[in-house]
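Visitor: I have a structure here that I would like to go through with you. Could we put it on the screen and start with the charged side chains?

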Amino acid sequence: MFISKDMPQTFAALGDPTRLAILSRLATQGDMTVQEIARPFPMSLPAISQHLTVLERAGLIIRGRDGQKRPCQIRPDRLVEARQWLDHTRHAWEVRFDRLESFLENTATAKDDIDEQ
């Protein structure tokens, strides 16, 4: 599986609850200005702007220009890339757990056979 060089930055950006909440709002409500994004959060506009900068550097959002406004827009392609990596990793762990389950079943069967003798 190809892992982009930006993947660590993507996951670091996703690791903050405020940034996750911002992405969730952008995903459900569409493009929003910084003021609109900041409304439900108990923090200053500069603090929200810092979170947006992290999201933008990670490629998870883009900021446009519309006159005086700078609407923020989610970039779903970066989230798709993260989901693909998570799916790949989940599959690898499921294979490992299946092998462990098979080993444990065989070990228990072998132990039962020994106990019967």
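Visitor: Is Arg 63 buried or exposed?

Guide: Arg 63 is buried in this predicted model. Its relative accessible area is 17%, and the cut-off for buried is under 20%.

Visitor: Which side chain does Arg 63 meet in a salt bridge?

Guide: Arg 63 meets the side chain of Glu 56, with 3.2 Å from N to O. Glu 56 is partly exposed, at a relative accessible area of 31%.

Visitor: How many salt bridges does the structure hold?

Guide: The structure holds 6 salt bridges. One of them joins Arg 75 and Asp 77, whose closest N and O atoms are 2.9 Å apart. Arg 75 is partly exposed, with a relative accessible area of 27%, and Asp 77 is partly exposed at 43%.

Visitor: What about Arg 90: which residue is its salt-bridge partner?

Guide: The partner is Asp 87, and the closest N and O atoms are 3.8 Å apart. Arg 90 and Asp 87 both lie in helix H5, 3 residues apart, which is about one turn of the helix. Arg 90 has a relative accessible area of 44% and is partly exposed; Asp 87, at 28%, is partly exposed as well. Through shared partners, salt bridges join Arg 83, Asp 87, Arg 90 and Glu 94 into one network.

Visitor: Let us move to nonpolar side chains. Which residues make the nonpolar surface patch?

Guide: Trp 93, Phe 97, Leu 100, Phe 103 and Leu 104 make a nonpolar surface patch of about 560 Å². Trp 93 is located in helix H5, which covers residues 76-116. The relative accessible area of Trp 93 is 43%, so this residue counts as partly exposed.

Visitor: Now the helix packing. At what angle do H2 and H4 pack?

Guide: Helix H2 (residues 17-29) packs against helix H4 (residues 45-57) at an angle of about 75 degrees, and their axes are 10 Å apart. H2 and H4 are therefore roughly perpendicular to each other, as angles from 65 to 115 degrees count as such.

Visitor: Which residues meet there?

Guide: From H2, Thr 18, Arg 19, Ile 22 and Leu 23 take part; they meet Ile 48, His 51, Leu 52, Val 54 and Leu 55 in H4.

Visitor: And Thr 18: buried or exposed?

Guide: Thr 18 has 15% relative accessibility and therefore counts as buried. Leaving aside neighbours within four places in sequence, Thr 18 is in contact with Phe 41, Met 43 and His 51.

Terms used. Residues are numbered from 1 along each chain as its sequence is written. This is a predicted model: local features need pLDDT of at least 70, side-chain atom pairs count only at pLDDT 80 or more; totals for chains, interfaces and linings use all residues. Side-chain values use heavy atoms; hydrogens and water are left out. Patches are made of residues with over 30% relative accessible area and no salt bridge: like charges are joined within 9 Å, nonpolar side chains (Val, Leu, Ile, Met, Phe, Trp, Tyr) within 5 Å. Accessible areas come from the Shrake-Rupley method with a 1.4 Å probe; for residues, only the protein chains shown count as cover. A salt bridge is a side-chain nitrogen of Lys or Arg within 4 Å of a carboxyl oxygen of Asp or Glu. Helices (H or I, at least four residues) and strands (E, at least two) are DSSP runs, numbered from the N terminus. Buried means under 20% relative accessible area, exposed over 50%, partly exposed in between (1.4 Å probe, protein chains only). Axes are lines fitted to C-alpha atoms, for helices over the stretch in contact, and angles run from 0 to 180 degrees between N-to-C directions. Angles under 35 degrees count as roughly parallel, over 145 as roughly antiparallel, 65 to 115 as roughly perpendicular and the rest as oblique. Contact means heavy atoms within 4.5 Å.
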